Amino acid sequence: MPWTGCWIQPSNEQIISALDVIQREKDRFPENAEYLWRLAKATFVYANQCVKHDPTARTALLKEAKEYADKARKLNHSHPDILKWSALTTGGLARYADTKQKINFGLLTREFLQSALELRPNDPSLHHILGRWNYEISQLGWIERTAVRAIFGKYSNVTVEDARNCFMEAEKLKPRMFKSNMYYIAKCYAQQGKKVEARKWLDDALNVKRLCIEDEPLCYTDIQELRARL
């Protein structure tokens with residue numbers, strides 16, 4: 001696939017073209033784990049970037065991506081890329097699930113990430129994704145935390161500090177790799193009342209190009225709006 005590495009974000013046309021190319025090979029590699037996780041990735045990226053304003057189409061594509069990742073994992077359950085994209089596709093689909101399924105998907109996402117990190121501890125993208133998971137859990141209210149504690153167990157007690165530590169580890173492993181990573185470091189600092197540190201990371205984020213397809217597209221205004229509140 002022409003956009004598997006970290007480089008300037010491809011256009012929608014390039015993403016569509018890449019997905020078309022890989023889909024043509026489905027009949028050749030129906031039971032190939034290496035092929036299936038890449039197909040899951042291509043479908044996930046297409047869903048999040050090319051049809052992001054169409055919830056129905058996006059949900060259908062995320063389900064499809066998750067099915068590819070699930071099938072790849074059944075073929076090879078100890079492959080870090082398969083586990084990574086299992087986490088991303090499951091987590092992405094959780095946004096559109098009902099409460100019970102969302103909790104289940106959340107726990108699965110965490111387990112996939114933990115397994116992937118055990119196999120590839122120096123992957124900055126995995127630390128970033130885990131940071132995002134921790135951040136979302138840290139934002140739950142008391143009632144929500146109580147509701148999920150029985151399922152998440154110790155994971156329900158994660159804090160903003162836990163999330164920031166993950167983002168900082170990603171930054172340590174690959175400085176300035178993710179624009180969104182820098183943005184989330186700033187969000188954590190802001191929530192902790194450390195405005196000077198938050199502004200520094202926001203200013204740095206404004207000067208970084210989006211280099212990886214895994215990096216969520218953050219608008220200039222998102223960063224500016226947070227900075228204006230500090």
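Guide: Axes are lines fitted to C-alpha atoms, for helices over the stretch in contact, and angles run from 0 to 180 degrees between N-to-C directions. This is a predicted model: local features need pLDDT of at least 70, side-chain atom pairs count only at pLDDT 80 or more, and totals for chains, interfaces and linings use all residues. Residues are numbered from 1 along each chain as its sequence is written, and side-chain values use heavy atoms, with hydrogens and water left out.

Visitor: How many helices and strands are in the chain?

Guide: Helices (H or I, at least four residues) and strands (E, at least two) are DSSP runs, numbered from the N terminus. The chain has 11 helices and zero strands.

Visitor: What is the pLDDT average of the chain?

Guide: pLDDT is the predictor's confidence in each residue, from 0 to 100. The chain averages 86, and 90% of the residues score at least 70. Among the elements, helix 8 (residues 160-173) has the highest mean pLDDT, 96. Helix 7 (residues 142-152) has the lowest, 71.

Visitor: At what angle do helix 1 and helix 2 pack?

Guide: Two packed helices are described by the angle between their axes and the distance between the axes. For helix 1 and helix 2 the angle is about 150°, and the axes are 10 Å apart. Angles under 35 degrees count as roughly parallel, over 145 as roughly antiparallel, 65 to 115 as roughly perpendicular and the rest as oblique. Helix 1 and helix 2 are therefore roughly antiparallel.

Visitor: Is the crossing of helix 1 and helix 2 left-handed or right-handed?

Guide: A crossing is left-handed if the near helix is turned anticlockwise from the far one by less than a right angle, and right-handed if clockwise. Helix 1 passes helix 2 in a left-handed crossing. Contact means heavy atoms within 4.5 Å. On the helix 1 side, the contact residues include Ile-15, Leu-19 and Ile-22. On the helix 2 side, they include Leu-39, Ala-42 and Tyr-46.

Visitor: Within what distance do the axes of helix 2 and helix 3 come?

Guide: They come within 8 Å and cross at roughly 165°. That makes helix 2 roughly antiparallel to helix 3. Their crossing is left-handed.

Visitor: At what angle do helix 3 and helix 4 cross?

Guide: At roughly 150°, with axes that come within 9 Å. Helix 3 and helix 4 are therefore roughly antiparallel to each other. Their crossing is left-handed.

Visitor: Which residues touch the most other members of the largest nonpolar core?

Guide: In soluble globular proteins, nonpolar side chains tend to be buried together. A nonpolar core is a set of buried Ala, Val, Leu, Ile, Met, Phe, Trp, Tyr and Cys residues joined through side-chain atoms within 4.5 Å. Buried means under 20% relative accessible area, exposed over 50%, partly exposed in between (1.4 Å probe, protein chains only). The largest core has 40 residues, and Ile-22, Leu-39, Phe-44 and Leu-113 touch the most other members. Helix 1 (12-23), helix 2 (33-49), helix 3 (55-75), helix 4 (80-94), helix 5 (99-119) and helix 6 (124-138) each give two or more residues to this core. Helix 2 gives the largest share, nine residues. Apart from this core lies another, of 19 residues, among them Tyr-135, Ala-163, Phe-167 and Leu-202.

Visitor: What does Leu-113 touch?

Guide: Leaving out residues up to four places away in sequence, Leu-113 touches Ala-87, Leu-126, Ile-129, Leu-130 and Trp-133.

Visitor: Is Leu-117 buried or exposed?

Guide: Leu-117 has 10% relative accessibility, so it counts as buried. Leu-117 lies in helix 5. Beyond neighbours within four places in sequence, its contacts are Leu-126, His-127 and Leu-130.

Visitor: Why does Arg-164 count as buried?

Guide: Because its relative accessibility is 8%. Arg-164 is found in helix 8. Residues up to four places away aside, Arg-164 touches Ile-185, Cys-188, Tyr-189, Gln-192 and Lys-194. Its C-alpha atom is 8.0 Å from that of Tyr-135, 29 residues apart along the chain.

Visitor: What share of the 230 residues is buried?

Guide: Buried residues make up 49% of the chain.
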